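The sequence and structure come first.

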Amino acid sequence: MELETMKTIWKKESEEHFQNNQIEQEKIQSLMNSKSQMTFAKIKRSMQFKSGTAGIIGTGALILAAFYFFGVIEEPLSVAPFLSVTETGVILFLMGLIVCVTAVANLLSYNRVKQFEQSSKPLKKMLSESVTILRNIISLGIYSDAIFVPVFSGFIAYKWLFNDGLVSDIRLFYLVLIVSAAAVLSYFIASRFMYQKHGGNLERLRGNLKELDSGNGIPVN
Amino acid sequence: MDHQAIIHKVCGMYCDNEEDKKDLFQEILINLWKSFPSFRGDSTFTTWMYRVSLNVAFQRLRKTAKNREQAVLPTTFDTLNSPGKEDLPNIQRQQMYAAIEKLNEVEKAIVMLYLEENGNEEIAKIIGISQNYVRVKMTRIRRKLKQIVEE
């Protein structure tokens, strides 16, 4: 079918169908007020929730750590009675810090997605930006999920290996090995999870972007 | 009123069932509303609408059978009767949609803009590629459509 023939059919089609299918103003208004189910809108909502909850939890953990450091609380946490008061303070401080950094990173990403949603750049530019944003979201998800495992397992391993205090011997090597293994494993699991969640969409966006790349495809004679 | 037709056409181009069309129509409306402050008048309102509508169509996550079941359609949309490719009486129309269906998402966008009587300059502005590359793309699309018909 020639494009010119298609144009004639399309024009007729537009006149007959599209112009007669108008939705009333009130319906449009109610549709605009509903929640968007777009990938980025969903990601944005999830980031808003994550940054809020992580901010509260992180700040709480830092305050609690300060209580341990300044001797306000003198008993270790009931969930980790094997840790001393100082160790509990240190682990709470580390966890709080990580959670707060995660909260800030989520907030920054949230703002970026919001700006992206409000822009109306040409298709190629928008595809390029969406690929970058999605890649950043995947990386953020991987690192924020994976970082807790090596920190926590490192602490448990430290407690188990150096119950009598830190000494520079073979046990230090074991500690490094345990932390490294935990880091690699948690990174692997987190990336698998994130790519399962967003990988398909990322590939589709990349494919469309590649299609718009002038250096791609067969040359035209 | 012409502006609503733009949304209907994008929905018709990228969705093959009524449920998807309704969802995409709604998403385009929401995004037009969100991005309206970014319309500064440096392009025509129609160009801006095409940009936003196509961006939404491209970023929309394809629905799986699972979340298609979960999708809740707005009751306010029930009376909408947008044109479906399946109820087109004319065989030529069916052939046109069958040919378009075989194009990829980018080609569909370019063809739609071409069929909407947009010139190369306008298509280049909406898609974000050079006018020369629009011409290259059009040549490839013509060739592809010819192949589709021959098959």
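Domain bounds here come from an automatic or database domain assignment. On that basis chain B is divided into domain 1 (1-86) and domain 2 (88-151). The model is a predicted one.

The contact between the two domains takes 10 residues from domain 1 of chain B and 11 residues from domain 2 of chain B. On the domain 1 side, α1 and α3 of chain B each supply at least two residues, and α3(B) gives the most, with five residues.

Between the chains, 58 residues of chain B are in contact with 42 residues of chain A. The elements giving two or more residues to the chain B side are α1 (2-14), α2 (18-35), α3 (45-59), α5 (91-101), α6 (105-115), α7 (120-127) and α8 (131-150) of chain B. Of these, α2(B) gives the most, with nine residues.

The largest nonpolar core has 52 residues, of which B:Val10, B:Ile28, B:Ala109, B:Ile110, B:Leu113, B:Ile123 and B:Ile127 touch the most other members. The largest share of this core, eight residues, comes from α6(B). Leaving out residues up to four places away in sequence, B:Ile110 touches B:Ile123, B:Ile127, B:Val134, B:Lys137, B:Met138 and B:Ile141. Another core, of nine residues, lies apart from the largest one and includes A:Ala54, A:Ala65, A:Met95 and A:Ala103.

Notes
Residues are numbered from 1 along each chain as its sequence is written. Chains are lettered from A and ligands numbered from 1 in the order in which they are written. This is a predicted model: local features need pLDDT of at least 70, side-chain atom pairs count only at pLDDT 80 or more; totals for chains, interfaces and linings use all residues. Two residues are in contact if their C-beta atoms, placed from the backbone, lie within 7 Å. Helices (H or I, at least four residues) and strands (E, at least two) are DSSP runs, numbered from the N terminus. A nonpolar core is a set of buried Ala, Val, Leu, Ile, Met, Phe, Trp, Tyr and Cys residues joined through C-beta atoms within 7 Å. A residue is buried if 20 or more other C-beta atoms lie within 10 Å of its own, exposed if 12 or fewer, and partly exposed in between; C-beta atoms are placed from the backbone.
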